[in-house]
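I opened a new notebook page for this structure. I wanted to look up its elements, its packing and a few single residues.

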Amino acid sequence: MAYSIFSRSALRHYQELALSSRLEAATPHALVSLLYEELIITLDVLKAAITNRPSAARASSILVSLEASLDFEQGGQLAQTLAGIYRTMQAELTFVIRHQDQARLAVLREGVTDLYQAWRQI
């Protein structure tokens, strides 16, 4: 049993180190991609346990980070549109958690995946 706990702890530690390394070396464009990836992973964890408060808080925090990363001067209308999308996703996430709505969580995840795919095309 102790080995199993240690293994999970070590795995989490190595995953955090790998993410930290990716963050340090990432361009601004790659950082947004990482945020999308982490949001998708977090929504998947949330799907497994929709009442998981740490995952809900993490997903919300990532959406805030995505909105904060927008450059409204250079991004113009696109930045405004993305800000609206992120705020709508925040509201949807709140609804999903409050009502434990798996179907709407799946739609939210699909929307994030679509944004991520579009971002990767840029």
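Before looking at packing, I noted how an axis is set: a line is fitted to C-alpha atoms, for helices over the stretch in contact, and angles run from 0 to 180 degrees between N-to-C directions. I also noted that this is a predicted model: local features need pLDDT of at least 70, side-chain atom pairs count only at pLDDT 80 or more, and totals for chains, interfaces and linings use all residues. Residues are numbered from 1 along each chain as its sequence is written, and side-chain values use heavy atoms, with hydrogens and water left out.

**Entry 1: elements**

I looked up the elements, which are DSSP runs numbered from the N terminus (helices: H or I, at least four residues; strands: E, at least two). I found five helices and zero strands. From the N terminus the order reads α-α-α-α-α.

I then checked burial (buried is under 20% relative accessible area, exposed over 50%, partly exposed in between, with a 1.4 Å probe and protein chains only). Buried residues make up 29% of the 122 residues.

Next came contacts, meaning heavy atoms within 4.5 Å. I took contacts between residues at least 6 apart in sequence, and 57% of them join residues at least 24 apart.

**Entry 2: H3 against H4**

How do H3 and H4 pack? Their axes are 9 Å apart, at an angle of about 170°. I looked up the angle classes: under 35 degrees is roughly parallel, over 145 roughly antiparallel, 65 to 115 roughly perpendicular, and the rest oblique. H3 and H4 are therefore roughly antiparallel.

I listed who meets whom. The H3 side includes Ala56, Ser60, Leu63 and Val64, and the H4 side includes Tyr86, Gln90 and Leu93.

I picked out Gln90, which sits in helix H4 (residues 72-99). Is Gln90 buried or exposed? Gln90 is buried, at 18% relative accessibility. Beyond neighbours within four places in sequence, Gln90 touches Ser60, Leu63 and Val64.

**Entry 3: H2 against H3**

I moved on to H2 and helix H3 (residues 53-68). Their axes come within 9 Å and cross at roughly 160°. That makes H2 roughly antiparallel to H3. Among the contact residues I noted Leu35, Tyr36 and Leu39 of H2, and Ala59, Ile62 and Leu66 of H3.

**Entry 4: an aromatic pair**

I searched for ring pairs (Phe, Tyr and Trp, with its six-membered ring; centres within 6.5 Å; planes under 30 degrees apart are stacked, over 60 edge-to-face, the rest tilted). The count is one aromatic pair. Tyr36 and Tyr116 form it, tilted, at 6.2 Å centre to centre and 55° between the planes.

Why does this pair tie together parts that are 80 residues apart in sequence? Because Tyr36 lies in helix H2 (residues 28-48) and Tyr116 in helix H5 (residues 102-121).

**Entry 5: more single residues**

I checked Ala30, also in helix H2. Ala30 is partly exposed, at 28% relative accessible area.

I then took Glu92 in helix H4. Glu92 and Leu105 are 13 residues apart in sequence, and 8.1 Å apart C-alpha to C-alpha. Leaving aside neighbours within four places, Glu92 contacts Arg104 and Leu108.
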